[in-house]
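User: Please take a close look at one helix in this structure. I would like to know what it packs against and what space lies beside it.

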Amino acid sequence: MWQFMAGTARGVGLRVDWWVDERRDPVRATEGAVKLLRALRDQFGSLYLAAAAYDGGDGRVSRGLVRYAGNLAGVEGDDRFFALADTKYLRQETRDYVPKLIAAALVGKEPTRYGVAVESLPPFVFDSVRAGGATPLVAIANAAGTDAAAIMDLNPRLLRGMTPPADSLWVRVPAGAAPGFEGRFSALEPGERLGVTRATSKKGESMSSIARKHHLTAKQLNWYNPKVLRLKNGNLVAGQTILVPSRATIAAARDVPNPSIERYTRRSRAPAKRPAKPPTKPSTKASAKAPAKAPAKAPAKAAPKPRR
């Protein structure tokens with residue numbers, strides 16, 4: 001929601017990996033944004049320059065302040081952003097970004113003045129419980145007395161329908177559900193409390209063949225085995241542990257790619273027009289495949305008129 005790149009997110013303490021993406025979490029992502037904006041404000045001495053650096057990069061703002069130091073002489077505080085924007089050094093997106101934020105803040109402080117009706121959402125309140133590795137969200141929901149959709153809404157950072165296989169995490173549950181949670185969770189069937197079972201790959205097996213045995217798709221099975229090793233023919237290396245998710249775990253999973261990998265399509269430029277090739281001389285050799293055509297007969301000349 002704060003449009004963090006993966007590296008920037010990690011730099012402010014957010015977790016971004018195959019299992020968890022805290023950029024999706026409204027609380028953790030906002031904490032990260034506040035941390036970054038505070039650091040940028042301390043660096044540039046201006047909240048407006050901090051916002052410009054948030055959008056366009058702190059390196060670009062730093063270079064602009066040095067390059068146009070003469071234009072900014074005697075300009076202090078937030079006015080430095082507008083002086084730098086006047087040089088057209090910043091990208092148009094960044095030059096527009098900061099005024100839009102200012103406008104949004106003004107409207108937010110006095111919405112009725114600008115004819116805006118505000119409909120407040122209920123407070124985002126919750127309790128937190130500790131869940132072990134590979135705990136399905138459905139089991140947490142059952143122990144919390146709610147449904148999986150409610151747990152997914154409270155925990156958008158959990159991508160695969162369960163806690164990470166090797167980590168215990170604090171998981172949000174509806175307010176008031178934490179007291180007695182451990183007892184209710186322990187009372188669930190052992191199979192309910194486990195998000196995956198483990199299988200060992202055999203010679204000649206593939207992800208597709210294992211998935212079919214467990215009534216899954218290969219894509220679903222791959223969600224839980226991102227580092228599986230394959231042979232050149234596509235089959236699995238024998239002896240690997242394969243995590244096989246339950247149907248309940250799959251139902252609460254999000255169909256998202258690896259959040260650590262970010263791909264951006266480059267704008268394709270129109271290819272330059274090549275100069276016209278000079279006309280080539282016709283070949284005098286007959287093709288071996290297609291016999292040369294006989295030259296067309298010249299039209300017969302009219303017989304000369306007899307002289308008188």
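The protein chain holds 12 helices and four strands. The model is predicted. Of the 308 residues in the protein chain, 33% are buried. Take the contacts with a separation of 6 or more: 67% of them join residues 24 or more positions apart.

Now the helix itself. α6 runs over residues 92-109 and has 18 residues. From first C-alpha to last, α6 reaches 26 Å, close to the 26 Å expected at 1.5 Å a residue. Which residues of α6 are buried? They are Thr94, Arg95 and Val98. These three sit on the same side of α6, because they cover an arc of only 125 degrees around the axis. An α-helix has 3.6 residues a turn, so residues three or four places apart point the same way. The other side of α6 carries exposed residues: Glu93, Lys100 and Gly108.

What do the buried residues of α6 pack against? Their partners are α3 (47-56) and α5 (79-86). Look at α5 next. Its buried residues are Phe81, Ala83, Leu84 and Ala85. The cover over them includes α3, α4 (58-67) and α6. After α5 comes lysine 88, with a positive phi near 65 degrees. Most residues other than glycine have a negative phi.

Next, the space beside the helix. Rolling a probe the size of a water molecule over the atoms shows where empty space is left. The second largest pocket holds about 360 Å³ of space. Its lining has 14 residues, and the closest to its centre are Leu47, Ala51, Leu101, Ile102 and Ala105. Which helix gives the largest share of that lining? It is α6, with eight residues. Both α3 and α6 supply at least two lining residues each. By type, the lining of this pocket divides into 13 nonpolar residues, no polar ones and one charged.

For glutamine 3, phi is near 60 degrees. Glutamine 3 lies in the segment before α1 (6-11), and it is exposed, with a relative accessible area of 77%. For histidine 215, phi is about 60 degrees. Histidine 215 is in the loop between α10 (207-213) and α11. At 67% relative accessibility, histidine 215 counts as exposed.

Glutamine 220 belongs to helix α11 (residues 218-222). Is glutamine 220 buried or exposed? Its relative accessibility is 16%, so it counts as buried. Leaving out residues up to four places away in sequence, glutamine 220 touches Pro245, Arg247 and Ile250.

Glutamate 192 sits in the loop between α9 (181-186) and β3 (196-200). Glutamate 192 is partly exposed, at a relative accessible area of 35%. Its contacts, not counting residues up to four places away in sequence, are Pro136, Ala139 and Asn142. Glutamate 192 and asparagine 142 are 50 residues apart along the chain, yet their C-alpha atoms are separated by 9.5 Å.

Conventions. Residues are numbered from 1 along each chain as its sequence is written. This is a predicted model: local features need pLDDT of at least 70, side-chain atom pairs count only at pLDDT 80 or more; totals for chains, interfaces and linings use all residues. Side-chain values use heavy atoms; hydrogens and water are left out. The expected span of a helix is 1.5 Å times one less than its number of residues. Buried means under 20% relative accessible area, exposed over 50%, partly exposed in between (1.4 Å probe, protein chains only). The arc is that of the directions from the helix axis to the C-beta atoms. Contact means heavy atoms within 4.5 Å. On a 1 Å grid over the protein atoms alone, a cavity is a set of points where a 1.4 Å probe fits but cannot get out, and a pocket is an open set with protein on both sides within 12 Å along at least five of seven lines; lining residues have an atom within 4 Å of a point. Grid points are joined across faces, edges and corners, and a volume is the space filled by probe spheres set on the points. Ala, Val, Leu, Ile, Met, Phe, Trp, Tyr, Cys and Pro count as nonpolar, Asp, Glu, Lys and Arg as charged, and the others, Gly among them, as polar.
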